[in-house]
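Open the model in a viewer and keep the sequence panel at hand. The stops below go from one selection to the next.

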Amino acid sequence: MTMNGLKIDRIEIYPTRIKLIEPFVISVGAITHARNTVVKIILTDGRYGIGECCPYRSIHGETMEGQMAIAQDIAKNLIGLDPRTSKRHLHMMNKVMKNNASIKAAFDMALYDLNAKIAELPLYIFLGGDNKKEIFTDNTVSLLEADKMVDKALQFKDLGFPVLKVKLGEQPSKKDVERITSIRKAVGDTLPLRVDANQGWNFYDAKYALNAMKDLNIEHCEEPIAAANIRDQKRLTEWSTIPIMADEAVFNHHDAYRILAENAADLINIKLGKTGGIENAMKVASICEAAGVYCQVGSFSESRLGISALVHFDLAWDNIIYHDLDSPLMMSEDPIIGGLSYSDKWQVTVDDSPGHGADYDPSFLKMFECVAVK
Ligand SMILES: [Mg+2]
């Protein structure tokens, strides 16, 4: 069978920037702006798909400057090709450049958006899912002095968030115990809390902290110790009564297989910016499904566009039961048209528009230099 001609004609790449309402602080540093690299893949007939990614140098080792250069190399290799043979394109990206999962995710997202639009399907159906799952997001309390964190937690509770994520990870972990104990006392016993140490502790700090919070109704603890330290992740997972979630330790399906085979985590946090996009995120979810492991979806500082794509992916997998979809809530402006909505109870929904349903407002993109590859 020959496919009738659909051809990628032009790819536009934009380095964007949005100020955060307040700095976002985790154990590896603070950011003041969301810097997202936007990739728009345009066909000869004018239809297009759009994706984005958020380089986070302390986690990916990627910068926006580096992404702009790599994106042009990747884009050159896509011009003239049929977007629907997307597996070929993903292999090509891996040949052009090792690692660099974040920028690859923007291309993967744009291709999935475009291919779902060509099929005239919302992305969640294109991925084989339905729209039945009820998805509620947490909101995240930055790593600050305990009193400031308590204020923030109370503010989020008053706003009706059904679960809070608390950033910890200071060494030694005694102050973290004070932080989480004060927050639990302030918000009452029932509001679920999840914690994320972003690799900040060592094995003994982690044991001290997890033991001290074992009766504080903590859903799970993300990345307690260095991601490369499999030995300690394994003994911590085997010891802890609070489930351990791998985040920085699992970028892609290869990592997921290794971490689960080693019994080095109970849960896995999937982010499109780590896996290199939806294609590999589905492989991570499949491995977790085979292992009977629940997942969370999360993000870096993507806008409502990247998070819309993530929600469509979330809808296709029953074993994704935790949803950390708060990055758009941290931004001082929302340049996205269409895409996901937040209800007053923080339920996150998407509609049946083709693709992921979100787009950048052209007047916002106009403020940034457009690098076009033809
Ligand atoms: Mg995390």
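**Parallel sheet**

Select strand 8 (residues 193–196) and strand 9 (residues 218–222): they pair in the parallel sense over three bridges. This is a predicted model. Within the pair, Leu 193 has Ile 218 of strand 9 as its bridge partner.

**Antiparallel sheet**

Next, select strand 4 (residues 37–43) and strand 5, which pair in the antiparallel sense over six bridges. Look for Thr 37, which stands opposite Cys 53 in strand 5.

These strands belong to an open sheet of four strands with antiparallel pairing and the order 5-4-1-18. Its edge strands are strand 5 and strand 18 (371–373), each pairing on one side only.

Lys 19 has His 33 in strand 3 as its bridge partner.

Bring up helix 4 over the strands. Helix 4 lies across strand 4 and strand 5 and runs at about 155° to strand 5.

To see the contact, show Gln 67, Ile 70, Ala 71 and Ile 74 of helix 2 with Ser 102, Ile 103 and Phe 107 of helix 4. By class, the residues of this contact are five nonpolar, two polar and no charged.

Then switch to helix 3 (residues 86–96). The axes of helix 3 and helix 4 (residues 101–118) come within 11 Å and cross at roughly 170°. Helix 3 and helix 4 are therefore roughly antiparallel to each other. On the helix 3 side, show Ser 86, His 89, Leu 90 and Met 93; they meet Lys 104, Phe 107, Asp 108, Leu 111 and Asn 115 in helix 4. The contact of helix 3 with helix 4 has four nonpolar, three polar and two charged residues.

**The two domains**

Finally, colour the chain by domain: domain 1 covers 8–121 + 361–373 and domain 2 covers 126–356. Their centres, taken over C-alpha atoms, are separated by 23 Å. Where they meet, 37 residues of domain 1 are in contact with 38 residues of domain 2.

Which elements give two or more residues to the side of domain 1 that touches domain 2? Select strand 2 (18–26), strand 3 (29–34), strand 5 (48–53), helix 3 and helix 4. Helix 4 gives the most, with 11 residues. By class, this side of domain 1 has 23 nonpolar, six polar and eight charged residues.

Conventions:
Residues numbered from 1 in each chain as written. Predicted model: local features only at pLDDT ≥ 70, side-chain atom pairs only at ≥ 80, totals over all residues. Axes fitted to C-alpha atoms, helices over the stretch in contact; angles between N-to-C directions. Parallel < 35°, antiparallel > 145°, perpendicular 65-115°, else oblique. Contact = placed C-beta atoms within 7 Å. Nonpolar A, V, L, I, M, F, W, Y, C, P; charged D, E, K, R; others polar. Domains from an automatic or database assignment. Pairing = 2+ DSSP bridges.
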